[in-house]
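Keep the picture open as you read.

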Amino acid sequence: MEYPMEYLDGLPLKVMYWSDRILYKDGGESVTWYEPAPGKTTSNSSEVLPPGIVQVNEGEPATLKWNYGLTFNIELTVVRFNKAGIFTADVSPQLKERFRGRFMPGSVSLDIFNVTMADDKEKGKFSLELIDPDGNGWKREIEVEVIVPTKVTGIRGDLSVLEGANLLLTCEASGRPKPNITWTNKRNSGVVQEGKLLNVTNINRNDSGTFTCTADNGFGEPQSQTVYVNVICAEEDTAIISSVDPVKHPQGLKLWTISLIVVLVLLFLVLVVGNMCCWCFSKTICVASVIRFIRKCVCRETQEFKRNSSTQFVRL
């Protein structure tokens, strides 16, 4: 029996085969798969069984195992990735740096020394195929799910926002499987929002505080980053502007200044005019006299009035 040349990652493979001949009692042919899980017995070589799942971190080793029981002789056993053969009795020379095959009756193992994204289930499936004397292939598949640790990027530090505005924060997270992202706030006891975007409309002073973005894909420790949001209140902002820029509110200042200037001018006039009047008439007069002087505008009349008052007092 001849088999076509197989390829894996563009490399031609020399496929070698072995046979596992055991004498069984007459009866219907069947295979019982013990591994991978779930275990299953089938008597139909065309039946498609659910694949086994192996999860492993990128860069770490992994072992794929097939354990089975038969009611017929095996003519051929082949381990493949998609349609490319990896090994039968031995691993193909081009792949020995990455794979090692082990065979025992009823058991086949494939060791992967360093799991990469090329081994992931999105690229294909590993399978063990048992060929019976009639040329029927009994196949069981295993999918490798490559795990990449979660990593959070794109958020940290402090942020200031005016009260009443809208807040939008973005949290980027990578990993396989795709991580779930949640937002929490120390002021709240639970999750604020889910997803990479945090949107707070009409933010108020009670929303000030630390917001935390947490990403988790179920493997390893969850990863978090935080940002502190400071909400600036509108009243505080107005008070700051008033104290720093009084030119915008000059009305009260002008009134006080004008009033003070008027009072000072009047006081100056009273003192100057009063002293001049007293110098001219060689008479010291008090502030009350100066005020009367201003009201009557004649200092001499004031002095005459005093003399008249004195004369009348003597007569009495």
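Strand β6 (residues 62-70) lines up with β10 in the antiparallel sense, with 6 bridges between them. Two strands count as a pair when DSSP finds at least two bridges between them, and strands themselves are DSSP runs of E with at least two residues, numbered from the N terminus. This is a predicted model, where local features need pLDDT of at least 70, side-chain atom pairs count only at pLDDT 80 or more, and totals for chains, interfaces and linings use all residues. Residues are numbered from 1 along each chain as its sequence is written, and side-chain values use heavy atoms, leaving out hydrogens and water.

Back to the strands. Within the β10 pairings, T63 has D111 as its bridge partner. Strand β9 (residues 99-104) also pairs with β10 in the antiparallel sense, over 6 bridges, and here G101 stands opposite L110. β9 and β10 make a hairpin with 2 residues between them, and G106 in the turn has a positive phi of about 85 degrees.

How many of the residues of β10 are buried? It's 5 of the 6 in residues 107-112, where buried means under 20% relative accessible area (1.4 Å probe, protein chains only).

Now for D132, in the loop between β11 (126-131) and β12 (137-153). D132 is buried, at 1% relative accessible area. Its side chain reaches two partners through polar contacts (N or O atoms within 3.5 Å, one able to donate a hydrogen and the other to accept it; residues adjacent in sequence count only if both atoms are side-chain atoms):

| D132 side chain to | Distance |
|---|---|
| N136 backbone nitrogen | 2.7 Å |
| W138 side chain | 3.1 Å |

Leaving aside residues up to four places away in sequence, D132 touches E29, F72, N73, E75 and W138, with contact meaning heavy atoms within 4.5 Å.

Technical notes
Buried < 20%, exposed > 50% of the residue type's maximum accessible area, 1.4 Å probe, protein only. Helix = DSSP H or I, 4+ residues; strand = E, 2+ residues; numbered from the N terminus.
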